[in-house]
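User: I would like to learn how to read a few local features of a protein model. Could we go through them one by one?

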Amino acid sequence: MADYLSSAFKDAGIESVETFELDVLLNYPSSPPTLKVSNPDGQVTFAATLSEDILPEDSTSDTPWRNTTFHGYAPSGSVSAPAVFANYGRPSDFDDLEAANISVEGKIVLVRYGQCFRGLKVMNAQNRGAVGVLVYSDPQDDGFEYGKCYPEGPWRSASSVQRGSVQFNSICAGDPMRADKRYEEMGESLTSLCGVKDYTSLIPSIPSIPISYGDAQPILSQLGGVAAEALGDDWVGALPITYTTGPSTSIVSMSTDNEFKVTSIPNVIGKIPGSLPASDDHPVLLGNHRDAWVFGAADPNSGTASLIEVAKGLGSLVQSGWQPKHTIYLLSWSGEEYGLLGSTGWAELNFDAISSASAYINVDTVVSGDELTASATPALTSLWEGVMADLDGHVLFKNGPSGNVLDANVNAPINADDAIGTLGSGSDYTVFLDHFGIASLDFEFNSPAGTYGVYHSIYDSFDWIDNYGGIDGEKGSSFELMASAAKMWGVLALRLADSDVLPFDHVKQAEALVKYSAAVDGNGLDLSELNSNIDAYMKAAQGVAEEMNSPGDLKDLNFRLSMTERSFLNADGLPGRSWMKHVLQAPGFYLGYAAMAFPGVQQAVDDGDLDLAQQQVAVVAECVDKAATFLKG
Ligand SMILES: [Zn+2]
């Protein structure tokens, strides 16, 4: 695949293409996992299949991979214990169980997918003393609750399993060992970069297995204990059973046999050098991952198809004699699924290439449905809106009552009445934004459910994306959406690489800060200094907006526009996670994926530590002050 991408870039006319090999820790099953239930007398009453069905309608489903249902970074282990149902495995779910006097200590915890990153479900269970974790896909979250199941429709069928990594992704991204020799040569280590003793802090010590609802239902239906409904309205899924908490009187036995080894992964780095001297160059980075859980037609091949189209577009401009002002990087990552390994390793080991970068534009799964959504650093939202306005009528697009591309959802809102949101984690922008303070943007066409029904299963296949991945399930339309995504991505890249004045809008960013501040207000915190610094940043942003209309020294202006984002980094990082340095947003500590604004402040408020929250307010205030001063010049 790396060779394929490398050739595709070269064939497209990109002259500089290199492969960047990185040594990382990975695990693969030496033998398939096992799962069974026994009654108190020791008789086996249920043995899970842990296998996805061969479907005649899906031409690639007859694959040996249908039997390798495992979690990335789950250790080997064999445990037998009563089972407890812990809903989504969030801290609040474990609190609900505790309040009902149900302990998960020494138990196997059964949780469902959704609401938070799977690795953090395992982390939360492990922190509460569980000995093993089963993570199943409830049909309420991506199955028949939404519509017909594959192959009759797009949604998750009874044997379908969501594989995936169980790394603790909210602490830091990247190889949990930092095994590559170049780290040592640089004088860096996992401890110096991430503030943890060793890799055992970043991956689980208890075994876990992803399972289908076909395998989960017989276990769930005999747990006994309290009615799950009594613990909260959202404790009941869509299976035709009475959900109960356990602990079961039956014994669940599970085993995993996963081999860990340091393996080399290839990243493909294409580069179009800019015409400006190095001192004026603000490279734009375009990235997408290439590795997949089995076939990955949507995740990530839909995005990879778009990346190749962008390469063809830019390559043909280059071949016609054009050169961008700023350098453009085309980045095809490996190891994303285990924990953003390729992107994080390349960025950490190639800081010279990115130290003056203006922006990182990420595309992961770019088509798994027909609703366009984007998330961005607030300073890039005007760029996005401008590109969408100019492409209206030139891209295939569905959502929005007027059919106007501007009706697309820009940014996942932090709360219902907040229009500007933030990037969380779960894709390759994380190292660029959260660790290095490079403005980032990510977009995709997905389903309103926010996920899709064959995610990380063998059915994320050509047949699925051809039949169900596009507009209203119209056969073949997903490929039109991939072409549209390539146009959007290419034009975003050109505006960043070839404008005289870099398209940053710090007024939008200042407005976002006003909202973030309002969101943490009312917790007994003194926000006066923070708010007055936000005012100063707003004034600087308004000044620079004027300056952009009649620019004097372009070099100085572009430096301030693009590098102000670095001011929002705090060298010490967030409390308890020093690798996450950006004070404006981060993935939630216990939830992953979803974003938290002013994360140092918000997490401390959530944990009830107001002294720490106030201290973190001061940290944010100082960063905002730095940003205002820097932006003014
Ligand atoms: Zn992906």
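**Reading backbone and metal-site features**

Analyst: Let us begin with P247, which sits in the loop between helix 7 (213-220) and strand 10 (251-272), in what is a predicted model.

User: What kind of peptide bond joins G246 and P247?

Analyst: As a general idea, most peptide bonds are trans. Here the bond joining G246 and P247 is cis, and its omega is about 5°. The bond from Y150 to P151 is also cis, with omega near 10°, and P151 belongs to the loop between helix 4 (139-142) and strand 8 (164-165).

User: How should I read phi, and what is its value in Y73?

Analyst: Most residues other than glycine have a negative phi. Y73, although it is not a glycine, has a positive phi of about 75°, and it lies in the loop between strand 3 (71-72) and strand 4 (77-81). Q115 likewise has a positive phi, near 75°, and is placed in the loop between strand 6 (108-112) and helix 3 (118-127).

User: Is Y73 buried or exposed, and is Q115 buried or exposed?

Analyst: Buried means a relative accessible area under 20%, and exposed means over 50%. Y73 is therefore buried, at 0%, whereas Q115 is exposed, at 53%.

User: Which protein donors does the zinc ion have?

Analyst: The donors are H289 through NE2, and D299 and D364 through OD, lying 2.0 to 2.1 Å from the zinc ion. Along the chain they follow the spacing H-x9-D-x64-D. H289 belongs to strand 11 (residues 284-289) and D299 to helix 8 (residues 297-319), 10 residues apart, and both H289 and D299 are buried.

How values were computed
Residues numbered from 1 in each chain as written. Predicted model: local features only at pLDDT ≥ 70, side-chain atom pairs only at ≥ 80, totals over all residues. Heavy atoms only, no water. Donors = N, O, S within 2.8 Å, 3.2 Å for Na, K, Ca; no water. Helix = DSSP H or I, 4+ residues; strand = E, 2+ residues; numbered from the N terminus. Buried < 20%, exposed > 50% of the residue type's maximum accessible area, 1.4 Å probe, protein only.
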